[in-house]
Amino acid sequence: DVTLVGYSRMVGFALEAADKLAEIGISAEVVDLRSIRPLDIDTVVESVRKTNRIVTCEEGWKHMGVGGEIAAGVTELAFDYLDAPPMRVTQKDVPLPYAGNLEAMSLPNADDIVAAAKAVCYVD
């Protein structure tokens with residue numbers, strides 16, 4: 001089991017990833033933050049206590065991102081429940097391209113989330 005946390009457009013990708021994960025026997029609970037201020041860390045922690053794993057999903061860069069704050073909060077409040085370190089799925093560490101095809105390559109998608117979820121579940 002794994003918790004997938006996203007907000008904005010990433011929730012759709014997280015739901016798509018959850019469907020793909022179900023096909024290989026991994027149950028994913030998707031948490032839609034709806035807002036990041038205030039951050040509903042209690043809902044995230046409640047989910048992690050059930051699944052024991054977390055993958056955060058965001059369109060921003062990894063450094064100084066919301067996913068890092070969520071990972072820190074989960075580590076503080078639910079460390080004993082974690083069976084794997086929190087994993088963050090973010091934009092590639094490049095300036096966001098203007099060309100549509102390059103932009104799509106730099107932003108995370110459902111396949112990136114599936115790969116991260118498989119990693120925290122120790123599945124090849």
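These questions and answers cover salt bridges and one threonine in a predicted model.

Visitor: How many salt bridges does the model hold?
Guide: The rule asks for a Lys or Arg side-chain nitrogen within 4 Å of an Asp or Glu carboxyl oxygen. By this rule, the count comes to seven.

Visitor: Which residue forms a salt bridge with Glu59?
Guide: The closest N and O atoms of the pair are 2.8 Å apart. That falls under the cut-off, since a salt bridge needs such atoms within 4 Å. The partner of Glu59 is Arg9.

Visitor: How many residues apart are Glu59 and Arg9?
Guide: Glu59 sits in the loop between β3 (54-57) and α3 (66-78). Arg9 sits in the loop between β1 (2-6) and α1 (10-23). The pair links distant parts of the chain, and the separation is 50 residues.

Visitor: Is Arg9 buried or exposed, or partly exposed?
Guide: Buried means under 20% relative accessible area, and exposed means over 50%. Arg9 has 46% relative accessibility.

Visitor: Which helix does the salt bridge of Glu29 reach?
Guide: Glu29 forms a salt bridge with Lys50, with the closest N and O atoms 3.3 Å apart. Glu29 lies in strand β2 (residues 28-32), so the pair ties together parts that are 21 residues apart in sequence. Glu29 itself is partly exposed at 28% relative accessibility. Lys50 lies in helix α2 (residues 41-51).

Visitor: What is the relative accessibility of Arg34, which forms a salt bridge with Asp32?
Guide: The closest N and O atoms of Arg34 and Asp32 are 3.7 Å apart. Asp32 is partly exposed, with a relative accessible area of 35%. Arg34 counts as exposed, because exposed means over 50%. Its value is 76%.

Visitor: Which residues are linked in a network of salt bridges?
Guide: The carboxyl side of a salt bridge comes from Asp or Glu, and the nitrogen from Lys or Arg. The network joins residues of both kinds: Glu16, Lys20 and Asp111.

Visitor: Is Thr51 buried or exposed?
Guide: Thr51 is found in helix α2. Its relative accessible area is 6%. The cut-off for burial is under 20%, so the class is buried.

Visitor: Which residue's backbone oxygen does the side chain of Thr51 reach?
Guide: Thr51 touches Asp1, Val2, Thr3 and Glu29, not counting residues up to four places away in sequence. The side chain also reaches a backbone oxygen at 3.0 Å. That oxygen belongs to Arg53.

Definitions and conventions:
Residues are numbered from 1 along each chain as its sequence is written. This is a predicted model: local features need pLDDT of at least 70, side-chain atom pairs count only at pLDDT 80 or more; totals for chains, interfaces and linings use all residues. Side-chain values use heavy atoms; hydrogens and water are left out. Helices (H or I, at least four residues) and strands (E, at least two) are DSSP runs, numbered from the N terminus. Buried means under 20% relative accessible area, exposed over 50%, partly exposed in between (1.4 Å probe, protein chains only). A polar contact is a pair of N or O atoms within 3.5 Å; within protein, one must be able to donate a hydrogen and the other to accept it, and residues adjacent in sequence count only if both atoms are side-chain atoms. Contact means heavy atoms within 4.5 Å.
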